Amino acid sequence: MLRSAAFSALRQTKFVSGKGPMFQAARAMASAAGEETVTFDFCDKTFEGYNIEIPSRTVTMTQAEAIGLYRDMQMVRRLEMAADSSYKHKLIRGFCHLCTGQEAVPIGIESAITKEDAVITAYRCHGFTYMRGASPVGILAELMGRKDGVSKGKGGSMHMYAPNFYGGNGIVGAQVPLGAGIAFAQKYKGEKTCTLALYGDGAANQGQVFESYNMAKLWDLPVIFTCENNKYGMGTAAGRAAANTDYYTRGQYIPGIRVNGMDVLAVRQAVAYARAYAIENGPIVVEMKTYRYGGHSMSDPGTTYRTREEIQHMRSTSDPITGYKHRLLETGVATEEDLKAIDKQAKKVIDEALALAKAIPEPNASELWDHIYVKGSEVPYLRGRVPEEVHYYSNIA
C-alpha cells in the first residue's frame, strides 16, 4: 500500500468536461491565487503501470504554467538548432548529441520537481542543463570550448553542470550508480528530495544499471530510474539489442511506469507521481517513450538504420511542440499570435546568445592544469600531452 498523502493526492485531480478527442479542458478561477487554470485529460494509452497504479489521467495547472512549458520547449529546440548550425560551421568540434524531438522530457521533468531535487543524465544533456538553470550563452560557449562556458570550456557537449545537475556523463550507463549514490546522500541527510537518474535504451542492458536497482531497493533510496527510450541505441533498434523492451518492467522488484515521452504534460504528471512515490517509498522506474529526429550524434546522419519516411512520420504526428501547441489553441489558453510571439522571442534570445558565445575567447593554455585536483591537494607534478610537457604545481614543497 502507498503511504504518502501527497502521492495519493496526485490521483485525485478534479476533472472538468470540455472539448477535444484526446483531452478535455476547462478553465476556472483558482480560489487561493486568483489565477485562471486549465485542466487537461490524457487518453487511455498515455500511462502504463507495472506493480503500481498509474497516475491520474487529468492534470490541472495555471495558464501561466501551461504557456511556460511551451516557451521552454521552444527555447530548447532553438538552442539545439543553434548547436546544430554551429557544428556544421565547425565552431563546435568533437562529440555533440542533440535532443531535438525529445524536448518534452527535460521540460516535463523540471516542471514536476523542485530545485532541491537532483538530476543526472548521459551525454544528451543540453536541454537538462538549460532547465536546471544554466544560461543559453553558457551552454553555447561550452559547446564551442570558450572560457565562459558552464564548464569553463573544458567539458564540451557531454560534461555540463548546473545547480543540483550532475551532468552530462560520457561513459554509457555510468551515471546510473552515481544517481543512486546521490539519492543515498539525500536519504542519509534526511532530505525530502529525490534524484532522477536518466539513461537511454542503449544503456539499459548494462549490469551496473541492475546493480543500482538492487542497492536502491535494498535501502529504499529516493531515486527515479528514468529510461529515455528513443527506440535506437546509437544505430541499433531497441528490439535487436534487448530481449525485453518494456523497460519500465525491468526493475523486477521495483514498480514502474511507462509514459508518452512526446507529451510534456504526461511527462510532468508521471514524474510528479513518481517523485511523491520515491520520497515516501523508495525507487521507481519510469520509461519515457520518445524519439530523436537527428542521428545519435552530429557525426551520424541517422538514416542508415531507419528510413527518412519514419523520421518524417514522427515529426508530423508526434512532435512534442506541435502537439502541445494544438492543445493550447484548442483550450483557448493561447492564440496563434501569442504562440508566434513566443517563437519569435525564443529565436531572438538564442540568436543573441549565440553571438555573445562566439565572441568569448578560448581558455588560456595555462588553465589546462586547473581544476584537476582540489586546491592544496595537488600532486607534485603532472605530465602533459607528451612526455616532455610537465607541469609542476608551485605550492608543492
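# A walk through the model, pocket first

By class, 11 nonpolar, 9 polar and 10 charged residues make up the lining of the largest pocket. This is a predicted model.

**Stop 1: the largest pocket.** Start where that lining is. The space in the largest pocket comes to about 740 Å³. Select Asn260, Met262, Asp263, Thr317 and Ser318: of the 30 lining residues, these are the closest to the pocket's centre. Now colour strand E10 (256–260), helix H10 (308–318) and helix H11 (320–331), the elements that each give two or more residues to the lining. Which of them gives the largest share? The largest share comes from H11, with 7 residues.

**Stop 2: helix H9.** Stay with Asp263, one of the residues closest to the pocket centre. Asp263 also caps the N-terminal end of H9. Show its side chain: an oxygen there lies 3.0 Å from the backbone nitrogen of Leu265. Next, select H9 itself, residues 264–281. Its 18 residues, at 1.5 Å each, should span 26 Å, and the end C-alpha atoms are 25 Å apart, so the two agree. Is H9 mostly covered or mostly open? It is mostly covered, with 16 of its 18 residues buried. Just after H9 comes Gly282, which takes a positive phi of about 120°.

**Stop 3: Met288.** Move on to strand E11 (residues 284–289) and pick Met288. Met288 counts as buried because its relative accessibility is 0%, and buried means under 20%. Show what surrounds it. Leaving out residues up to four places away in sequence, Met288 touches Val105, Ile109, Thr226, Cys227, Glu228, Asn229, Val259, Gly261, Val267 and Val271. Two of these names, Val267 and Val271, fall within the residue range of H9, 264–281.

**Stop 4: Thr121.** Glu228, a contact of Met288, is also touched by Thr121. Select Thr121 in the loop between strand E5 (118–120) and helix H4 (126–131).

**Stop 5: two loop residues with positive phi.** Most residues other than glycine have a negative phi. Here are two that go the other way. Lys231 has a positive phi of about 80° although it is not a glycine. Find it in the loop between strand E7 (223–229) and strand E8 (232–233). Lys231 is partly exposed, at 37% relative accessible area. Then select Gln252, in the loop between helix H8 (238–241) and E10. Gln252 is not a glycine either, and its phi is positive at about 60°. Gln252 counts as exposed, with 55% relative accessibility.

**Stop 6: helix H12.** Select residues 336–359. These 24 residues should span 34 Å at 1.5 Å a residue; the end C-alpha atoms are 35 Å apart, so the helix agrees with expectation. Now pick out its buried residues: Leu339, Ile342, Asp343, Ala346, Ile350, Ala353, Leu354 and Ala357. An α-helix has 3.6 residues a turn, so residues three or four places apart point the same way. Keep that in mind while looking down the helix. What do the buried residues of H12 pack against? They pack against helix H2 (63–88), helix H5 (136–143) and H11.

**Stop 7: Thr39.** Go to strand E2 (residues 36–41) and select Thr39. Thr39 counts as buried, at 5% relative accessibility. Show side chains here. That of Thr39 makes a polar contact with the side chain of Thr60, at 2.7 Å. Gln63 lies 24 residues from Thr39 along the chain, and their C-alpha atoms are separated by 9.5 Å.

**Last stop: Gly384.** Finish in the loop between strand E12 (381–383) and strand E13 (390–392), where Gly384 is found. Gly384 is partly exposed, with a relative accessible area of 23%. Not counting residues up to four places away in sequence, Gly384 touches Trp369 and Glu389. Then draw one more line, back to Gln269. The two C-alpha atoms are separated by 49 Å, and the residues are 115 apart along the chain.

Key. Residues numbered from 1 in each chain as written. Predicted model: local features only at pLDDT ≥ 70, side-chain atom pairs only at ≥ 80, totals over all residues. Heavy atoms only, no water. 1 Å grid on protein atoms, 1.4 Å probe; cavity = no way out; pocket = protein on both sides within 12 Å on 5 of 7 lines; lining within 4 Å. Points joined across faces, edges and corners; volume = space filled by probe spheres on them. Helix = DSSP H or I, 4+ residues; strand = E, 2+ residues; numbered from the N terminus. Nonpolar A, V, L, I, M, F, W, Y, C, P; charged D, E, K, R; others polar. Contact = heavy atoms within 4.5 Å. Expected span 1.5 Å × (residues − 1). Buried < 20%, exposed > 50% of the residue type's maximum accessible area, 1.4 Å probe, protein only. Polar contact = N/O pair within 3.5 Å; in protein donor to acceptor, adjacent residues only side chain to side chain.
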